[in-house]
Amino acid sequence: MVCVASGFQWTALVGPAVIAISVVVAFFGVKTARSSARQCATLDMIEKVESTPHYQNLHAAFSYHRRQDSFAKLHDPKETKDKDERQAVLNYLNHYELIAIGISKKILDEQIYKSWMRGPFVRDWNAAAGFIQRERWKWDDGTRAWEYHAVLFENYQAIACRWSTDATNLVQDTKPHPNTPSGPGDEALPDGNDPSSA
């Protein structure tokens, strides 16, 4: 019996093996770089936001109303000071919503932000939950009916509830709409499906 020598060369596998290893190394390199960039962005955001006078003023207004449990009076502000504080509170909540979006989209590092801000993040959500629930109810003059807009601060709510079982979970039935419209927060929101509302 005659054995035929195989023409297979193991050296032919070296090239594809090197390519495969290079792809794996590149993949993990990109993943590590993204993670590092996300961590740096999170730390930069924390430092910049908390050190600016604008943010400190928003924080002071929000904290005052949290301690006084006086968010309700901001729904229909009569005096200029209350109107300014209403806007400051909304801006403060918007900053949390933006952070929650950044975490949800993996632009910001959840673990770093959670380690730094979990307690205040959830505490502030719970403190403002009644105010937010009231803001979610909008009066539509066209239909002459109340509409509930769960999208207002929905990302903030989702992260707060993910981080703590003590976080208030707002739904339409949490608190019914007011009897009559009042204040600047009651204006109907544009329909998000309408291209002209963008």
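Colleague: What makes the largest nonpolar core a core, and which residues have the most contacts inside it?

Modeller: This is a predicted model, in which local features need pLDDT of at least 70 and side-chain atom pairs count only at pLDDT 80 or more, while totals for chains, interfaces and linings use all residues. Residues are numbered from 1 along each chain as its sequence is written, and side-chain values use heavy atoms, with hydrogens and water left out. A nonpolar core is a set of buried Ala, Val, Leu, Ile, Met, Phe, Trp, Tyr and Cys residues joined through side-chain atoms within 4.5 Å, where buried means under 20% relative accessible area, exposed over 50% and partly exposed in between (1.4 Å probe, protein chains only). The largest such set holds 38 residues, and L93, Y113, F121 and W125 have the most contacts inside it. Two or more residues come from each of α1, α2, α3, α4, β1 (137-140), β2 (145-148) and α5.

Colleague: Which residues is L93 in contact with, leaving aside its neighbours within four places in sequence?

Modeller: With contact taken as heavy atoms within 4.5 Å, L93 touches F62, A128, F131, I132, F153 and Y156.

Colleague: How do you know how many helices and strands the chain has?

Modeller: Helices (H or I, at least four residues) and strands (E, at least two) are DSSP runs, numbered from the N terminus, and on that basis the chain has five helices and two strands, running α-α-α-α-β-β-α from the N terminus on.

Colleague: Where in the chain is confidence lowest, and where highest?

Modeller: In terms of pLDDT, the predictor's confidence in each residue from 0 to 100, helix α1 (residues 14-51) is lowest at a mean of 66, and helix α5 (residues 154-163) is highest at 98. Over residues 193-198 the pLDDT is below 50, and that stretch has three contacts in the model beyond near neighbours in sequence.

Colleague: What makes the largest cavity a cavity, and which residues line it?

Modeller: On a 1 Å grid over the protein atoms alone, a cavity is a set of points where a 1.4 Å probe fits but cannot get out, whereas a pocket is an open set with protein on both sides within 12 Å along at least five of seven lines, and lining residues have an atom within 4 Å of a point. A search of the whole structure finds one cavity of 30 Å³ or more. The largest cavity is lined by M45, I46, V49, E50, Y55, H95, I99, Y113 and M117, and α1 supplies the largest share, four residues.

Colleague: Which residues are closest to the centre of the largest pocket?

Modeller: Helix α4 (residues 110-136) gives the most to its lining, with five residues. Of the 14 lining residues, A72, G130, F131, R134 and K175 are the closest to the centre of the largest pocket.

How values were computed
Grid points are joined across faces, edges and corners, and a volume is the space filled by probe spheres set on the points.
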